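I opened a new page for this structure today. My plan was to look at one part at a time and jot down what turned up.

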Amino acid sequence: MPHFVIDCSKNILDLNSPENTLLTVHNAAVETKLFDEVDIKVRLNPFEDNYMVGGKKTDFIHVFANIMEGRTIEQKAELSKNIVTELKKLFPNIPFIAINIRDFEKATYCNKSMV
């Protein structure tokens, strides 16, 4: 935790390596100092088919961030802006780059080390 899941059109993989894209999101999250670097997880899901943006097949990147509750609105806004800014630098011609942040509840979160 936190988890950053990147959904994107498959064409994104031709514009930059998956590893570099993952590292860009990882580093943007690290820069906020909201998380311990070793806890950050980033995954990438490319879509070749079965997607539309504005009613047509257009390249896109959308990051779903799942973080533990307790951060302020301002901290989450900074995290969003950092990640979108860095992805925009990496993919200047992609028309749709976005992120949304969801909070985990501490009371209901569980991982392997907790059982």
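Predicted model: local features only at pLDDT ≥ 70, side-chain atom pairs only at ≥ 80, totals over all residues.

Before anything else, I noted that helices, of at least four residues, and strands, of at least two, are DSSP runs numbered from the N terminus.

**Entry 1: helix α3**

I started with S80, whose place is in helix α3. Is S80 buried or exposed? I found it buried, because its relative accessible area is 19% and the cut-off for buried is under 20%. Not counting residues up to four places away in sequence, S80 touches I99 and I101.

Next I looked up E74, which also lies in helix α3. E74 counts as exposed, at 58% relative accessibility. I then checked E74 against M114: they are 40 residues apart in sequence, and their C-alpha atoms are 30 Å apart in space.

Then I took α3 as a whole. α3 has 18 residues and reaches 26 Å from its first C-alpha to its last, close to the 26 Å expected at 1.5 Å a residue.

Which residues of α3 are buried? I listed K76, L79, S80, N82, I83 and L87. They cover an arc of only 160° around the axis, so they sit on the same side of α3. I73, E74, K81, K88 and K89 are exposed on the other side of α3.

What covers the buried residues of α3? I found that the cover includes β1, α2, β3 and β4.

**Entry 2: the core**

I moved on to the largest nonpolar core, which has 22 residues. F4, F35, I61, V63, L79, I83 and L87 are the members that touch the most other members. I then looked at where the core comes from: β1 (3-9), α2 (18-31), β3 (60-68), α3 (73-90) and β4 (96-104) each supply at least two of its residues. The largest share, four residues, comes from β3.

Leaving aside neighbours within four places in sequence, L87 is in contact with T21, T24, V25, I61, V63 and I97.

**Entry 3: salt bridges**

How many salt bridges are there? I counted three.

D49 is partly exposed, with a relative accessible area of 43%.

D103 forms a salt bridge with K76, and their closest N and O atoms are 2.9 Å apart. D103 lies in strand β4 and K76 in helix α3, so this pair ties together parts that are 27 residues apart in sequence.

Then I came to E86 and K89, a salt bridge with the closest N and O atoms 3.1 Å apart. Both are in helix α3, and because they are three residues apart, about one helical turn separates them. E86 is partly exposed, with a relative accessible area of 22%, while K89 is exposed at 57%.

Notes:
Residues numbered from 1 in each chain as written. Heavy atoms only, no water. Core = buried A, V, L, I, M, F, W, Y, C linked by side-chain atoms within 4.5 Å. Buried < 20%, exposed > 50% of the residue type's maximum accessible area, 1.4 Å probe, protein only. Contact = heavy atoms within 4.5 Å. Expected span 1.5 Å × (residues − 1). Arc of directions from axis to C-beta. Salt bridge = Lys/Arg side-chain N within 4 Å of Asp/Glu carboxyl O.
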